[in-house]
Amino acid sequence: SLDTIHGAADTFAKAVKAMSGGKFEISVHAAGEIMPAFGVVDGVQQGSVEMAHTAPYYFFGKDETFALGCAIPFGLNSRQMTAWMYEGNGLKLMREFYAKYNIVNFPGGNTGAQMGGWFRKEIKSLNDLKGLKFRIGGFGGKVLERLGVVPQNIPGGDIYPALEKGVIDAAEWVGPYDDEKLGFYKIAPYYYYPGWWEACSMYSMYVNIKEWEKLPKQYQEALTSACAECNIDMMAEYDYKNPIALQSLIKNGVKLQSYSTEIMKAASNAAFEMYEEEAAKNPSFKKIYEPWKKFRNDQMLWNKVAEQTLMSFMLTNPVK
């Protein structure tokens with residue numbers, strides 16, 4: 001039902017078919033149709049399927065390094081993540097990691113900065129987070145766990161019924177466009193921002209290495225180009241559709257709230273403490289995290305000089 005995320009896979013398959021003159025066809029299947037949503041790494045690794053489209057941070061239970069190819073709290077925004085992957089050595093480093101899973105990966109979409117979730121009640125302080133059963137994917141859940149939250153890693157299609165039945169107290173998904181379609185506002189009216197756990201979320205295309213190596217060079221180039229196309233297309237869709245959907249949600253009575261500085265600071269401190277702890281015990285994580293951290297710091301300096309200064313002016317001086 002999500003024309004943004006599932007739609008990116010459709011865009012990809014159509015582009016590959018067009019570039020190959022109709023000779024290279026890739027069939028697209030929804031989560032659960034061939035295998036469970038969280039089974040795709042095993043599926044591609046073992047060759048049960050040749051390819052999958054997913055958000056890598058769902059698989060941090062296998063190795064926290066997966067999250068670095070998708071999103072970690074207080075990480076890179078969409079443009080920075082694209083720069084890291086294509087120019088900053090990120091793609092090379094991630095492919096070295098994925099090789100032990102028999103996977104070659106490609107950037108395959110980005111949501112941009114996400115929202116901070118739907119709650120039945122206001123979240124004013126850290127105390128309000130204690131014991132809260134919160135659907136959240138990836139590393140964000142591990143950080144929130146340190147703040148007293150009980151994270152639940154639930155696939156997108158199962159979130160609404162879990163929220164409706166009270167299995168969870170709160171949920172986050174992506175942003176206004178997708179969230180409105182999934183109807184969370186009907187149950188939990190408080191909509192928080194920002195989703196500090198996902199300054200962006202980069203989806204990936206996973207291809208079984210042996211199947212990749214079988215492809216003619218022309219087909220490899222078509223697949224690579226199609227991934228790049230859907231990576232740009234998904235971000236463009238969200239940038240266009242989210243502002244419209246947010247206005248619609250507010251008209252429907254949604255209560256837009258921002259996380260307090262207290263919560264943001266506590267979460268940031270907990271996040272970077274956790275990364276350092278993980279780097280100290282996980283060589284795969286450290287190998288990517290250390291250059292990622294330097295890249296992030298350089299990006300923040302540049303953005304402070306140019307992007308932030310300009311954006312701050314434009315936001316405080318709107319055109320009338």
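Reply: Start with strands β4 (residues 133-135) and β6 (residues 170-171), which pair in the parallel sense over two bridges. Strands pair when DSSP finds at least two bridges between them. Strands (E, at least two residues) and helices (H or I, at least four) are DSSP runs, numbered from the N terminus. Phe134 has Ala170 as its bridge partner in β6.

The model is predicted: local features need pLDDT of at least 70, side-chain atom pairs need 80 or more, and totals for chains, interfaces and linings use all residues. Numbering runs from 1 along each chain as its sequence is written, and side-chain values use heavy atoms, without hydrogens or water.

Now the whole sheet. Six strands make an open sheet, ordered β5-β4-β6-β3-β7-β9, with mixed pairing. The edges belong to β5 (150-152) and β9. Each of these two has a single partner strand, so one side of each lacks a neighbour in the sheet.

A separate pairing joins β2 to β8: antiparallel, over six bridges. Val104 has Val207 as its bridge partner in β8. Strand β2 (103-110) is mostly covered, with eight of its eight residues buried (under 20% relative accessible area; exposed is over 50%, partly exposed in between, 1.4 Å probe, protein chains only).

What follows β2? The loop between β2 and β3 (118-119) holds Ala113. At 59% relative accessibility, Ala113 is exposed. The C-alpha atoms of Ala113 and Ser201 are 7.4 Å apart, though 88 residues separate them along the chain.

Next, the loop between β7 (190-193) and β8 (202-208). Pro194 sits in this loop. The peptide bond from Tyr193 to Pro194 is cis, with omega near -10 degrees. Trp197 lies in the loop too, while Tyr259 is in the loop between β9 (255-258) and α10 (261-281). The centres of their rings are 6.2 Å apart and the planes meet at 65 degrees, so this aromatic pair is edge-to-face. Ring centres must lie within 6.5 Å (the six-membered ring for Trp); planes under 30 degrees apart are stacked, over 60 edge-to-face, the rest tilted. The pair ties together parts that are 62 residues apart in sequence. Both Trp197 and Tyr259 are buried.

Helix α10 has an aromatic pair of its own. Phe272 and Tyr275 are edge-to-face, with 5.1 Å between centres and 80 degrees between planes. They stand three residues apart in α10, about one helical turn. Tyr275 is buried, at 0% relative accessible area. Phe272 and Tyr275 belong to one aromatic cluster with Phe60, Phe139, Phe285, Tyr289 and Trp292. The whole structure has 28 aromatic pairs.

Cysteines come next. There are zero disulfides (cysteine sulfur atoms within 2.5 Å). The sulfur of Cys227 has that of Cys230 as its closest cysteine sulfur, at 5.5 Å, too far for a bond. Both residues are buried: Cys227 at 1% and Cys230 at 0% relative accessibility.

Phe74, in the loop between β1 (51-54) and α3, has phi near 60 degrees, a positive value in a residue other than glycine. Phe74 is buried, at 15% relative accessibility. Asn89, in the loop between α3 and α4 (90-98), has a positive phi near 80 degrees. Asn89 is partly exposed, at 38%.
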